[in-house]
Number of protein chains: 2
Amino acid sequence: MARIRAVDRRLFLLIEIAARRLNREADKRLKAEAGVSAAQAGVLFLLLRRGQRRMGSLSKTLSLNPPAVTGLVDRMVRAGLVTKTTDQTDGRGAMVALTAEGSEAAERADIVLRDLNADLEARLGDEVSDILHDAFTRIVIAES
Amino acid sequence: MARIRAVDRRLFLLIEIAARRLNREADKRLKAEAGVSAAQAGVLFLLLRRGQRRMGSLSKTLSLNPPAVTGLVDRMVRAGLVTKTTDQTDGRGAMVALTAEGSEAAERADIVLRDLNADLEARLGDEVSDILHDAFTRIVIAES
DNA sequence: CCGGTTTCTTTCGGAAACGAACGAATCGGC
DNA sequence: GCCGATTCGTTCGTTTCCGAAAGAAACCGG
């Protein structure tokens, strides 16, 4: 409790700490139950829901700098989760798609994410969850 | 907007993306106006408010793993912002304290943080800010 | 059809974070 | 007083992310 008061009235710092905790918890569970990291799960989730996507699209959707996407996808290719090929309609673009193995991992990750989400929302309560959802959606949309 | 729907109903992913955005924005402003990174600002803020602290205390308060604190503080020592000495009362402990230069940087960082906080709260509104504050405090406290 | 611009991605160097494993110092039971 | 257990911090190797700059491909005005 005393620990909290130290960052009291700095919502910004509080969000960083909370995000770190949530990410650590999610990463641990995802690695144990789906065999992928939290960052990789974000990519898998998108590909599962929206189909194959270009690097730039992943970068924008996940709000990651292009170099971060390059590294992340490269490790996923090495792990056999996705393939990276040249976009047929635009030779500059690189298209990322799930492999069979990647699809299975994505399904498992999806279950874990759903579970984590349920836990989190249960901890917060429905009303607060909705407000948080709106607030963060606004932050993510803002100046995009 | 379409971009948001992709992570819709995954509060967890939304928080991660939002935290990344906020951190990137804060890091840029802190580097420009206070000459320190966002991670360093967190340490400076704590030392300014609570006085010298041991590594383990920083680790717990900021919810960072011990190795992360070692690296962070080492870079800050190299930058002349803090000193690291052996705790007099316990030879195992390492005490971290602000230098004169560090104090000045901490004051500047504090101003920037206050500013960022005001921006964020203005964007969210008072009521939502309070709810968010409570919610994240609960997350940070939980199972600590 | 061709040089310049724009768009997309990668390379580079560094900061920040993690888990696992290790060494040093203290503490506690005997 | 001593020795095992605990606590504290660091080292190691890896992942994830950033900004800046370079490289490659497509587009476009003349």
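This is a predicted model: local features need pLDDT of at least 70, side-chain atom pairs count only at pLDDT 80 or more; totals for chains, interfaces and linings use all residues.
Residues are numbered from 1 along each chain as its sequence is written, and chains are lettered from A and ligands numbered from 1 in the order in which they are written. Local features need pLDDT of at least 70 and side-chain atom pairs count only at pLDDT 80 or more, while totals for chains, interfaces and linings use all residues; side-chain values use heavy atoms, with hydrogens and water left out.

We can begin with DNA strand D. It is surrounded by 25 residues, the closest being Ser37(A), Asn65(A), Arg75(A), Thr70(B) and Lys84(B) (a residue is near a strand if one of its heavy atoms lies within 4 Å of it). Of the atoms of DNA strand D that come within 4 Å of the protein, 79% belong to sugar and phosphate. Among the polar contacts (pairs of N or O atoms within 3.5 Å), a polar side-chain atom of Arg24(B) lies 2.6 Å from a phosphate oxygen. Helix α5(A) gives the largest share of the surface near DNA strand D, with 4 residues (helices are DSSP runs of H or I of at least four residues, and strands are runs of E of at least two, numbered from the N terminus).

DNA strand C also has 25 residues around it, of which Gly56(A), Lys84(A), Ser37(B), Asn65(B) and Arg75(B) come nearest. Sugar or phosphate makes up 78% of its atoms within 4 Å of the protein, and bases supply the rest. Here, polar backbone atoms of chain A reach phosphate oxygens: that of Gly56(A) at 2.6 Å and that of Ala94(A) at 3.0 Å. For DNA strand C, the largest share of the nearby surface, 4 residues, comes from α5(B).

Turning to the fold of chain A, an open sheet of 3 strands runs in the order β1-β3-β2 with antiparallel pairing (two strands pair if DSSP finds at least two bridges between them). Its edge strands are β1 (53–54) and β2 (82–86), each pairing on one side only. Strands β2(A) and β3(A), the latter spanning residues 94–98, pair over 5 bridges. Within this pairing, Lys84(A) stands opposite Val96(A). Helix α5(A) packs on the sheet, touching β2 and β3 of chain A (contact means heavy atoms within 4.5 Å).

Methods:
A polar contact is a pair of N or O atoms within 3.5 Å; within protein, one must be able to donate a hydrogen and the other to accept it, and residues adjacent in sequence count only if both atoms are side-chain atoms. Axes are lines fitted to C-alpha atoms, for helices over the stretch in contact, and angles run from 0 to 180 degrees between N-to-C directions.
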